[in-house]
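Subject: A structure for you to look at

Hi,

Here is the structure I promised to pass on to you. Please open it and keep it beside this email while you read.

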Amino acid sequence: MRSVRDHYDSFLGPHYSWILGDFEAARDANAKLFASLSLSPQPGDVAVDLGAGPGCQALPLADLGYRVVAIDFCKPLIAELESRRGDREIRTICDDFRRLPQYLPDGAELIVCLGDTLVHLPDEAAVIMTIDVVSAALKPGGQFLYAIRDYISSVPEGSQRFIPVRASDEQIFTCFLDYGVDAVHVHDILYRKTAGGWEMDISDYQKLRLDTAILNALLQQNGLDVTVLPPHEGMILVSAKKPR
């Protein structure tokens, strides 16, 4: 099984935006989310995008007026974000977001971790470390937003484990899920049409089965006020604020 980072760098990253389907629609959905939360940055306010990908969160945050720090460990996705940012004030960093403190000595007013990013951490210790890092990096009055899929309340069986993601005349992408006690073993399958016919490429990696109740308890232990928000794009969405 590949590490998550290797899976994204060598397999998923170059095809991520195609798999996403419509970058502009994803960007606009996040812009509507941020508008619904009445985010109103003051001049100089910093927003951090953990697991920034191609920029679906970073771009609308910059358009709101934040100085954005966008972190992702996938080089192809960071390169794509850089190609999209234009003259927006977005600083891109290709690194593990657990090393956030070395890039953010003065803290941030907003930290977002959307797109099911937290489940890509390697283990429980990494999750605890991330919650500690985020909690410490928030300025008083700052807000942390995270979103994850529900991997806890039910376990797909049989054909439900096969998920068709996207298809075109040239490519087909699907995935197969194998649920364990603490993690989901994900098999990503890409078919590409070539002159000689269809070729198949498979890569597998692991996602954690994170429980939002545990995540929220960790945030509360760090002194943050937690609110479960209406779902966003089919994911559980949570806000945690640091008291002033």
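Let's begin with Asp 95, which counts as buried because its relative accessible area is 9%, and the cut-off for buried is under 20%. Please keep in mind that this is a predicted model. The side chain of Asp 95 forms a salt bridge with that of Arg 99, at 2.6 Å from N to O. Arg 99, for its part, is partly exposed, with a relative accessible area of 40%.

**Salt bridges**

How many salt bridges does the structure hold? There are nine. Another one joins the side chains of Arg 84 and Glu 80, with 2.9 Å between N and O. These two sit in helix H5 (residues 75-84), and because they are four residues apart, about one helical turn separates them. Glu 80 is buried at 18% relative accessibility, while Arg 84 is partly exposed at 26%.

Arg 27 and Asp 28 also meet through their side chains in a salt bridge, at 3.3 Å from N to O. Both are partly exposed: Arg 27 has a relative accessible area of 22%, and Asp 28 has 37%.

Then there is a network of salt bridges, which links Asp 116, Arg 149 and Lys 207.

**A closer look at Lys 207**

You will find Lys 207 in strand E9 (residues 197-208). Is Lys 207 buried or exposed? Lys 207 counts as buried, because its relative accessibility is 14%. Its side chain also makes a polar contact of 3.2 Å with the side chain of Tyr 151. Setting aside residues up to four places away in sequence, Lys 207 touches Asp 116, Val 119, His 120, Tyr 151, Ala 183, Val 184 and Val 186.

**Helix H7**

Next, please turn to helix H7, which covers residues 212-221. Which of its residues are buried? They are Thr 212, Leu 215, Asn 216, Leu 218 and Leu 219. Because these residues cover an arc of only 155° around the axis, they lie on the same side of H7. Ile 214 and Gln 221, on the other side of H7, are exposed.

What do the buried residues of H7 pack against? Their partners are helix H6 (124-137) and the strands E5 (138-148), E10 (225-232) and E11 (235-241).

Asp 211 caps the N-terminal end, with a side-chain oxygen 2.9 Å from the backbone nitrogen of Ala 213. Just after H7 comes Gly 223, which takes a positive phi of about 90°.

In soluble globular proteins, nonpolar side chains tend to be buried together. In this model, the largest nonpolar core has 51 residues, and the ones that touch the most other members are Val 48, Leu 50, Leu 100, Ile 111, Phe 144 and Tyr 146. H6 supplies the largest share of this core, with six residues. A second, separate core has 25 residues, including Ala 70, Ile 90, Val 112 and Ala 147.

Leaving out neighbours within four places in sequence, Val 48 is in contact with Val 69, Leu 100, Leu 104, Ala 108, Leu 110, Ile 111 and Val 112.

**The cysteines**

How many disulfides does the structure hold? The count is zero. For Cys 113, the nearest cysteine sulfur is that of Cys 56, 14 Å away. A disulfide is a covalent bond between the sulfur atoms of two cysteines. Cys 113 is also buried, at 0% relative accessibility.

Cys 175 is in no disulfide either, and the nearest cysteine sulfur to its own, that of Cys 74, is 17 Å away. With a relative accessible area of 10%, Cys 175 is buried. Cys 175 belongs to strand E7 (residues 171-179).

Enjoy exploring!

Best wishes

Technical notes:
Residues numbered from 1 in each chain as written. Predicted model: local features only at pLDDT ≥ 70, side-chain atom pairs only at ≥ 80, totals over all residues. Heavy atoms only, no water. Buried < 20%, exposed > 50% of the residue type's maximum accessible area, 1.4 Å probe, protein only. Polar contact = N/O pair within 3.5 Å; in protein donor to acceptor, adjacent residues only side chain to side chain. Contact = heavy atoms within 4.5 Å. Salt bridge = Lys/Arg side-chain N within 4 Å of Asp/Glu carboxyl O. Disulfide = S-S within 2.5 Å. Arc of directions from axis to C-beta. Core = buried A, V, L, I, M, F, W, Y, C linked by side-chain atoms within 4.5 Å.
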